[in-house]
Amino acid sequence: MNDYFEIVAQAVLAEQGEILKFIGDGMLAVFELQPEETPANCCAAALRAARKAVAGIGSCNHIRRAEARREIRFGIALHLGEVYYGNIGAPERLDFTVIGPAVNQASRIEKLGSELGKVAVASSNFAAAAPEPLERLGAYHLRGVTGPQEIFAVPMLTGKID
């Protein structure tokens, strides 16, 4: 787990993303859209971070295979949406986080990516703002999201996961 978190965290931080929390074997990170930025800039940073993470995990897995250790399997979901952030919880235990439909949708997209065997998948919102074309995978129903959602794979990150 530490190998995974270290590699992915470095990729996110190198692109000025912010890691909000480690959740079990997952990570929640955001790339905040600044007033002077365009969504395309934010999406480009997220894409660069995703590619760095995939390359880093690939290198790590090469070493792990040579050492007869279990490979790291993971998935990435990219979504562009509005969130609410702040300290949430009980007075005795507050946690800084983001909430809202966009967070839930990103979580559902990541699970779908795993089902589709794709390392990195993105929402239609992200694909529309991305500075490069993404591969359309089709429309899927996501739990708690109204109507079928178009899902896209990130080129060069379309490898299968077992």
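Biologist: Which strand holds V30?

Modeller: The model is predicted: local features need pLDDT of at least 70, side-chain atom pairs count only at pLDDT 80 or more, and totals for chains, interfaces and linings use all residues. Residues are numbered from 1 along each chain as its sequence is written, and side-chain values use heavy atoms, without hydrogens and water. Strands are DSSP runs of E, at least two residues, numbered from the N terminus. Residues 26-30 form the strand that includes V30, namely β2.

Biologist: Is V30 buried, partly exposed or exposed?

Modeller: Buried means under 20% relative accessible area, exposed over 50%, partly exposed in between (1.4 Å probe, protein chains only). V30 has a relative accessible area of 21%, so V30 is partly exposed.

Biologist: What does V30 touch, leaving out residues up to four places away in sequence?

Modeller: Contact means heavy atoms within 4.5 Å. On that basis, the partners of V30 are G17, E18, L20 and V98.

Biologist: Where is S123, and is S123 buried or exposed?

Modeller: S123 sits in strand β6, residues 120-123. Its relative accessible area is 2%, so S123 is buried.

Biologist: Which side chain makes a polar contact with the side chain of S123?

Modeller: A polar contact is a pair of N or O atoms within 3.5 Å; within protein, one must be able to donate a hydrogen and the other to accept it, and residues adjacent in sequence count only if both atoms are side-chain atoms. For S123 the distance is 2.6 Å, and the partner is H79.

Methods
Helices (H or I, at least four residues) and strands (E, at least two) are DSSP runs, numbered from the N terminus.
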